[in-house]
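I opened this model to look up a few spots one by one. These are my notes, in the order I made them.

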Amino acid sequence: MKLTTAQITFFNTFGYLGIPTLFTEDEVAGIIEGFEWSIQNKGGGTEHDGSKRTMFGGPIEHTPEMCAILDHPGILGLIGGVIGEDFNYCSGDGNYYSGNSGWHPDGNWGQLFAVKVAFYLDPVGRDSGCLRVIPRSQHPDHFIRKEKIDPNKSQELFGVDPRDFPGNVALETSPGDVLIFNHDTYHASFGGSKRRRMFTMNCTRHAKTPEDLELAHKYLGIHSAGGYNVDTGAGMYFPTMIDTASEDRMLHLRQPIEIHDELFPQFARK
Ligand SMILES: O=C(O)CCC(=O)C(=O)O
């Protein structure tokens, strides 16, 4: 799949993009099976009682089938279309969410450096836990950034419930639809169930300049297994991701592995 110029312009202008039915019904069934196996066996899912979010790292790294999401032509076209075909895959999180996620950006890079790909595994609507975004809030000159407005305080500030923060867009999805957004874009979710199934992939530009290499070090110093003090047994990724990687997949893994092992030699793959 190749994004159209209009889709790329939409992403660059508004800071997010949704692709309906990127995955077929059969593919969705396989992804849900792989997600459930992973969270139940590797992610603490058996303990989930709805009182809080259950979260685990590297949701696509624990089974060969989930790892293959990184080889899927639709996913490669989507991520490659917005940050370059040689993008770095930088892990992600798998979740049984419980309740609302307040408004937040995932980064404050001031430029398009990192993106999040979001997969919701149940139908989610505006009041049942879908992702909401504030279009254009990725820009450093967006009014909420310039005026340091916290949209979570919009009830106190403006008499408006945070879920109705002016201008926000509810991205209702069904399984198989895929969302992508700039890490700097403010996002949230309201009204979801106590077992809202969702996982993400984080990706950054491949670093080619000294400035980008510095950003990549900064990024992986925080947002990586080592950054979270997690020993995957294989460094940057859980072993299955590397053990089943083709040369094409390695294009998206090599630079994060190198930087991660340099930053966290104690966790490096032996
Ligand atoms: O679905 C949600 O609760 C929002 C997800 C989110 O905030 C995130 O992945 O950073």
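**Entry 1: His48.** I listed what His48 touches, leaving out residues up to four places away in sequence. I found Thr54, Tyr96, Lys194 and Arg195. The model is predicted, so I read every distance here as a computed value. Next I checked where His48 lies. It is in the loop between helix H2 (25-42) and strand S2 (54-57). Is His48 buried or exposed? Its relative accessible area is 11%. Buried means under 20%, so His48 counts as buried.

I then looked at the polar contacts of His48. Its side chain and that of Thr54 are joined by a polar contact of 2.7 Å. The His48 side chain also reaches the backbone nitrogen of Gly50, at 3.4 Å.

**Entry 2: Asp86.** I moved to another loop. Asp86 lies between helix H4 (73-83) and strand S3. I wanted its partners from beyond four places in sequence. Asp86 is in contact with His206, Lys208, Leu251 and His252. I also compared Asp86 with Arg205. They are 119 residues apart in sequence. In space, their C-alpha atoms are 7.5 Å apart.

**Entry 3: helix H10.** Which residues of helix H10 (residues 254-263) are buried? I noted Gln255, Pro256, Ile257, Ile259 and His260.

**Entry 4: the ligand.** Where does the ligand sit? I found it in the largest pocket. I listed the residues around it: Tyr97, Ser101, His104, Asp106, Lys116, Tyr120, Leu131, His187, Ser189, Arg196, Met198 and Thr200.

I sorted the shell by strand. Strand S5 (101-104), strand S6 (114-120), strand S10 (187-189) and strand S11 (196-204) each supply at least two residues. Which strand gives the most to the shell? It is S11, with three residues.

Last, I checked distances to oxygen atoms of the ligand. A polar side-chain atom of Ser101 lies 2.5 Å from a ligand oxygen. For His104, an N or O atom in the side chain is 3.0 Å from a ligand oxygen. A polar side-chain atom of Tyr120 lies 2.5 Å from an oxygen atom of the ligand. I then looked up how much of the ligand is covered. Taken alone, the ligand exposes 290 Å². The protein buries 97% of that.

Definitions and conventions. Residues are numbered from 1 along each chain as its sequence is written. This is a predicted model: local features need pLDDT of at least 70, side-chain atom pairs count only at pLDDT 80 or more; totals for chains, interfaces and linings use all residues. Side-chain values use heavy atoms; hydrogens and water are left out. Buried means under 20% relative accessible area, exposed over 50%, partly exposed in between (1.4 Å probe, protein chains only). Helices (H or I, at least four residues) and strands (E, at least two) are DSSP runs, numbered from the N terminus. A residue is near a molecule or strand if one of its heavy atoms lies within 4 Å of it. A polar contact is a pair of N or O atoms within 3.5 Å; within protein, one must be able to donate a hydrogen and the other to accept it, and residues adjacent in sequence count only if both atoms are side-chain atoms. Accessible areas come from the Shrake-Rupley method with a 1.4 Å probe; for residues, only the protein chains shown count as cover. On a 1 Å grid over the protein atoms alone, a cavity is a set of points where a 1.4 Å probe fits but cannot get out, and a pocket is an open set with protein on both sides within 12 Å along at least five of seven lines; lining residues have an atom within 4 Å of a point. A molecule sits in a cavity or pocket if more than half of its atoms lie within 2 Å of its grid points. Contact means heavy atoms within 4.5 Å.
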